[in-house]
Amino acid sequence: MPSKELTDKLVKKISNEIYSSHFYLQMSLDLEEKGYAGFSHWCMCQWYDELSKAIKLMSYCHRRSVPVKLSAVPAPEVTWACPRTAMEAAFKHERAETKGVEELMTQARMEGDYATEDICRWYLSCQIDEEDEIRKIHNKIVLLNDDKNGLMFVDKELKEREAPPHHHY
Ligand SMILES: [Fe+2]
């Protein structure tokens, strides 16, 4: 079983993933209310993605005999001025998450816990993909330079993201 310090960090990471999902859910609601159906859909897919990552880590903890006690989910920011500021907030959020995974990985490496180091590597690679995807969306918006038609085109494009299974929206 991992040390107390590593265990605490693993459990905290689960709560962070749940917060991430909550963050994107709120973003999805806000962007839907502002008329951006595609951005909203993309965020809803991201909500599911983050929740799946929390569940994956819960399962890992149980396989390592680490009990999981969840903490309260903090309320996320509730509104963003436009898709551009939303994507900026998302990028900032993911950068912080990446840092968190790196810290967890450092602790695992220090303790010689190779299994945790290994799963951290998977999370790290997910983080790099997420940062890259958000960066690309943000770049497109910046290139449009407030062109509303272009923004609607990006919105349509984001609607194409594969929906999570069993979605009812
Ligand atoms: Fe994420």
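Predicted model: local features only at pLDDT ≥ 70, side-chain atom pairs only at ≥ 80, totals over all residues.
Reader: How many residues does helix α4 have, and what span is expected for it?

Author: Helices are DSSP runs (H or I, at least four residues), numbered from the N terminus, and the expected span of a helix is 1.5 Å times one less than its number of residues. Helix α4, residues 114-144, has 31 residues and reaches 45 Å from its first C-alpha to its last, close to the 45 Å expected. For α1, with 30 residues, the end C-alpha atoms are 44 Å apart, which agrees with the 44 Å that the helix should span.

Reader: Which residues of α4 are buried, and what covers them?

Author: A residue is buried if 20 or more other C-beta atoms lie within 10 Å of its own, exposed if 12 or fewer, and partly exposed in between, with C-beta atoms placed from the backbone. An α-helix has 3.6 residues a turn, so residues three or four places apart point the same way. The buried residues of α4 are T116, I119, C120, Y123, E130, I134, I137 and I141. Their cover includes α1 (4-33), α2 (37-63), α3 (83-110) and α5 (148-158). In α3, the buried residues include P83, A86, M87, A90 and E94, and the buried residues of α3 pack against α1, α2, α4 and α5.

Reader: How is the packing of α1 and α2 described, by what angle and what distance between axes?

Author: Two packed helices are described by the angle between their axes and the distance between the axes. Axes are lines fitted to C-alpha atoms, for helices over the stretch in contact, and angles run from 0 to 180 degrees between N-to-C directions. The axes of α1 and α2 come within 8 Å and cross at roughly 165 degrees. The crossing of α1 and α2 is left-handed, a word used if the near helix is turned anticlockwise from the far one by less than a right angle, with right-handed used if clockwise.

Reader: At what angle do α1 and α3 pack?

Author: α1 and α3 pack at an angle of about 170 degrees, with their axes 11 Å apart. That makes α1 roughly antiparallel to α3. Residues of α1 including E5, L6, K9 and K13 meet residues of α3, among them P83, A86, A90 and H93.

Reader: Where is W47, and is it buried or exposed?

Author: W47 is placed in helix α2, and it counts as buried because it has 21 C-beta neighbours inside 10 Å. Two residues are in contact if their C-beta atoms, placed from the backbone, lie within 7 Å. Leaving aside neighbours within four places in sequence, W47 is in contact with S21, Y24, L25 and S28.

Reader: Which residues touch the most other members of the largest nonpolar core?

Author: In soluble globular proteins, nonpolar side chains tend to be buried together. A nonpolar core is a set of buried Ala, Val, Leu, Ile, Met, Phe, Trp, Tyr and Cys residues joined through C-beta atoms within 7 Å. The largest one has 18 residues, of which M27, L31, F39, C43 and M87 touch the most other members. To this core α1, α2, α3 and α4 each supply at least two residues. Apart from it lies another core, of 7 residues, among them L104, M105, A108 and C120.

Reader: Where is S65, and what is its phi?

Author: Most residues other than glycine have a negative phi. S65, found in the loop between α2 and α3, has a positive phi, near 60 degrees. S65 is exposed, because 9 other C-beta atoms lie within 10 Å. Just after α4, N145 also takes a positive phi, of about 50 degrees.

Terms used: Residues numbered from 1 in each chain as written. Parallel < 35°, antiparallel > 145°, perpendicular 65-115°, else oblique.
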